[in-house]
Amino acid sequence: MPRFLEKRKELAAQRAAQEEERKQRLLQLHLETFGGDITQPHDLGEGEKWWRDHYQWLYDVGYQLRPRYHPKWVASWKTRNLDWMDCEDSIVRLTHLLDATRLSDGRCVAIKLLKISRHPFEVAIAQYLWNEELRTDPTNHTVPIFDVLHPPDDADCALLVMPLLLRYDEHRFETIGEAVEFFRQVFEVSPVLSRIQYLAEKRAGFAVYA
């Protein structure tokens, strides 16, 4: 067999293995979300229902969730001859962190749902990291906060709107320089986070350094 055909066959096998791995991860996520009795994600999990119930409010304040969370959503694979794993509206994310589209400019964003009673300082810390002083600090590599939303029907909830980012390990380093720059930025942000630690300890009443 010619070498290029062998290479093509190898690549096809790799793609098939990657696709199978993707489907297995998706199945595992569905099992964790819906339980062992659900074979297709045609029902929303308990954590997803919060987003469905707030779909219209989020739209009114400028953010559109994926079709899966529309109050009148019908699974697309029910009306088309498609494998549900190949449909965008079968994708289930972490229910406290969801992707959305910002209506003003079409930008993809991530929206984090948090309970204020459980994380009382997270909103304040996020806003502090992006105040006028730190926003222009070249050592501040923390994720920017575009918006903070407060649902009108739940005083204990807050939503942090951030850019939609890849996982840090989504792509392998291709050069030594990329790896060096990654760790340089990780260590560079440490002084910024140290300020946060100091403020938190000071608020708690046991700060021991300045």
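Is F183 buried, partly exposed or exposed? I looked up F183 and found 41% relative accessibility, so F183 counts as partly exposed (buried is under 20% relative accessible area, exposed over 50%, partly exposed in between, with a 1.4 Å probe and protein chains only).

The model is predicted: local features need pLDDT of at least 70, side-chain atom pairs count only at pLDDT 80 or more, and totals for chains, interfaces and linings use all residues. Residues are numbered from 1 along each chain as its sequence is written, and side-chain values use heavy atoms, with hydrogens and water left out.

Aromatic pairs. I searched the whole structure and found three (rings of Phe, Tyr and Trp, the last by its six-membered ring, pair if their centres lie within 6.5 Å; planes under 30 degrees apart count as stacked, over 60 as edge-to-face and the rest as tilted). F182 and F183 are edge-to-face, at 5.1 Å centre to centre and 80° between the planes. F173, F182 and F183 form one aromatic cluster. F173 is partly exposed at 43%, and F182 is partly exposed at 29%.

Strands. I noted that β2 (residues 97–102) and β3 (residues 108–115) pair in the antiparallel sense over five bridges (pairing needs at least two DSSP bridges; strands are DSSP runs of E, at least two residues, numbered from the N terminus). A100 has V109 in β3 as its bridge partner. Five residues lie between the strands of this hairpin, and G106 takes a positive phi near 80°. β3 also pairs with β5 (residues 157–163), antiparallel, over seven bridges; there I111 is bridged to V161.

Definitions and conventions:
Helices (H or I, at least four residues) and strands (E, at least two) are DSSP runs, numbered from the N terminus.
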